[in-house]
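This report describes selected features of one structure.

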Amino acid sequence: MSTDQQANKGHGGFSRWMQHKMNARMNRKVRSGKGTFMGMDVLILHTVGRRSGTPRQTPISWFADGDDNGWLLVASGGKNGHPDWHLNLMGHPEQATVELPGEEPRAVAPRVLAGEERARAWDAITAAQPRYGKYQAKSDHEYAVVRLSPR
């Protein structure tokens with residue numbers, strides 16, 4: 001196997017272990033009422049594995065969506081274009097919940113934004129966190145913007 005093939009093979013055991021440890025630490029932080037990381041607000045997204053059916057809890061940065069208590073998420077990263085949390089969320093949208101700092105989980109309805117609606121949301125996101133614009137510029141696919149609405 002070439003070096004390029006090894007690099008594209010996926011996450012190694014140590015990397016996966018480290019990610020689980022960091023996610024668990026961030027989840028504890030959010031549950032204690034301290035939901036920020038690197039200057040961004042963080043919530044815990046509860047999903048169900050699209051193939052396994054296993055409950056998942058992913059800490060993820062979010063952006064306010066106007067005055068109607070919605071949340072915007074950016075599906076950046078992922079080896080095949082979208083991160084696992086996004087695939088799980090869209091695979092079982094009826095089971096999605098969010099947990100805000102110090103609060104109980106609440107049911108949400110996810111919707112991927114498109115067209116002008118996505119453009120407006122993307123402008124707001126990159127104004128708040130320019131790093132997302134830099135990440136997007138280095139990617140070969142457009143990041144999905146997901147709006148979570150209370151159910």
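Lysine 21 is partly exposed, with a relative accessible area of 47%; partly exposed lies between buried, under 20% relative accessible area, and exposed, over 50% (1.4 Å probe, protein chains only). The residue belongs to helix 2, residues 13–31. Helices (H or I, at least four residues) and strands (E, at least two) are DSSP runs, numbered from the N terminus.

Together with Arg25, Arg28, Lys29 and Lys34, Lys21 forms a positive surface patch. Patch members have over 30% relative accessible area and no salt bridge, with like charges joined within 9 Å and nonpolar side chains (Val, Leu, Ile, Met, Phe, Trp, Tyr) within 5 Å. A salt bridge is a side-chain nitrogen of Lys or Arg within 4 Å of a carboxyl oxygen of Asp or Glu. The place of a charge is NZ of Lys, CZ of Arg, CG of Asp or CD of Glu.

## Basis of the model

This is a predicted model, in which local features need pLDDT of at least 70, side-chain atom pairs count only at pLDDT 80 or more, and totals for chains, interfaces and linings use all residues. Residues are numbered from 1 along each chain as its sequence is written, and side-chain values use heavy atoms, with hydrogens and water left out.

## Strand 2 and its partners

Strand 2 covers residues 40–48, and eight of its nine residues are buried, so the strand is largely enclosed by the rest of the structure. Two strands count as paired if DSSP finds at least two bridges between them. Strand 2 pairs with strand 1 (residues 36–37) in the antiparallel sense over two bridges, and threonine 36 stands opposite aspartate 41.

Seven bridges join strand 2 to strand 3 (residues 55–61), again antiparallel. Within this pairing, valine 42 has serine 61 as its bridge partner, and histidine 46 has glutamine 57. Strand 6 (residues 97–99) runs antiparallel to strand 2, with three bridges between them; here leucine 45 is partnered by valine 98.

## The two hairpins

The hairpin of strand 1 and strand 2 has two residues between the strands. Methionine 38 is found in this loop, and its phi is near 50 degrees, a positive value in a residue other than glycine.

The hairpin of strand 2 and strand 3 has six residues between the strands. In its turn, glycine 53 has a positive phi of about 75 degrees.

Conventions:
Areas by Shrake-Rupley, 256 points an atom, 1.4 Å probe, with all protein chains shown as cover. Lys, Arg positive; Asp, Glu negative; His and termini not counted.
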